[in-house]
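I wanted to go from the overall layout to a helix pair and then to a few single residues.

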Amino acid sequence: FSYLPLFASFGTASLRIMPMLNNFLYCYSQLKNGKHSVDTIYHSLYEKTTLAIHLEGSSIESFQSISFQDVSYSYENNKKIIEDVNLTINKNEFVNLAGASGSGKTTFISLLMGLLYPKDGKIKVNETELNETNSMYWQNNIFYLPQDTFILDSSLETNISLSDTLTKNDSKKIEDSLAKSNLIDKEASLRLGEGGKTISGGQRQRVALARMFYFDRDFLVIDE
């Protein structure tokens, strides 16, 4: 009895299965890596928190300023990416952040948004020091507009509001957001498809703008 044909069959089957197995492992890895982000988004959307900034029982009703006071930050190699930064951004001010790759722009934005905390110095919002206890409330006052817009395989109105349940007031806010972002010609019920494949790249950016107008946050961070 020859085992050669049997081994040949197994070999052929293995070659056919390997690409599918690799795809499965890749998808599993992506799901596992994205779990923390999904959990964070879920809690941000569904936890009953106020948009005011809270600290020790007090609240600040609206954003007035954020200030960096002698702020420094370094990663594990102890090389300072941000060093002794002093900067104040007031309400209604526009600040442009520019620099070469690796100069610390992303680190600065992460500090600004409360995703990282200074190794030295302080960051204050309305004179309230930002820390791990109150950073979530500060983040609820921020809208981040990235270069690449995340589009759900759902309707235009769901992509703007990030919710399947809309009140009459929500629908009015969506109409206003569509008008401000020059998407008034699009039906709110239009399904955008995975990654926004049914609309153009420019229109995907306008969806992000509509989302920004809809949430109407006090502090905008725009990645050009």
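Predicted model: local features only at pLDDT ≥ 70, side-chain atom pairs only at ≥ 80, totals over all residues.

My entries follow, starting with the chain as a whole.

**Entry 1: overall layout**

I counted six helices and eight strands in the chain. Reading from the N terminus, I got the order α-β-β-β-β-α-β-β-α-β-α-α-α-β. I then checked burial: 29% of the 224 residues are buried. For contacts with a separation of 6 or more, I found that 67% are between residues 24 or more positions apart.

**Entry 2: helix H5**

I checked the length of H5, residues 168-180, first. With 13 residues at 1.5 Å a residue, H5 should span 18 Å, and its end C-alpha atoms are 19 Å apart, so the two agree. Which residues of H5 are buried? I found Asp170, Ile174, Ser177 and Leu178. Looking down the axis of H5, I saw these buried residues fall within an arc of 100 degrees, so they line one face of the helix.

Just past the end of H5, I noted Asn182 with a positive phi of about 60 degrees.

**Entry 3: helix H6**

I listed the buried residues of H6 as Val207, Ala208, Ala210, Arg211, Met212 and Tyr214. Among the elements covering them are strand E7 (142-145), H4, H5 and strand E8 (219-222).

**Entry 4: how H5 and H6 pack**

At what angle do H5 and H6 pack? I read about 135 degrees, with the axes 8 Å apart. That makes H5 oblique to H6. I put the crossing of H5 and H6 down as right-handed. For the contacts, I found Asp170, Lys173, Ile174, Ser177 and Lys180 in H5 meeting Ala210, Phe213 and Tyr214 in H6. Asp170, Ile174 and Ser177 were already on my buried list for H5, and Ala210 and Tyr214 on the one for H6.

**Entry 5: positive phi in loops**

Glu127 is not a glycine, yet I found a positive phi of about 70 degrees. Glu127 sits in the loop between strand E5 (120-125) and strand E6 (128-129). Is Glu127 buried or exposed? Glu127 is exposed, at a relative accessible area of 57%.

Asp216 went on the list too: not a glycine, positive phi of about 50 degrees. I placed Asp216 in the loop between H6 and E8. Asp216 is exposed, with a relative accessible area of 60%.

**Entry 6: Gln139**

Last, I looked up Gln139, which lies in helix H3 (residues 135-139). Gln139 is partly exposed, at a relative accessible area of 28%. Leaving out residues up to four places away in sequence, I found Gln139 touching Met113, Gly114, Leu115 and Arg217. Gln139 and Arg217 are 78 residues apart in sequence, but I read 9.7 Å between their C-alpha atoms.

Note on methods: Residues numbered from 1 in each chain as written. Heavy atoms only, no water. Helix = DSSP H or I, 4+ residues; strand = E, 2+ residues; numbered from the N terminus. Expected span 1.5 Å × (residues − 1). Buried < 20%, exposed > 50% of the residue type's maximum accessible area, 1.4 Å probe, protein only. Arc of directions from axis to C-beta. Axes fitted to C-alpha atoms, helices over the stretch in contact; angles between N-to-C directions. Parallel < 35°, antiparallel > 145°, perpendicular 65-115°, else oblique. Left-handed = near helix turned anticlockwise from the far one by under 90°. Contact = heavy atoms within 4.5 Å.
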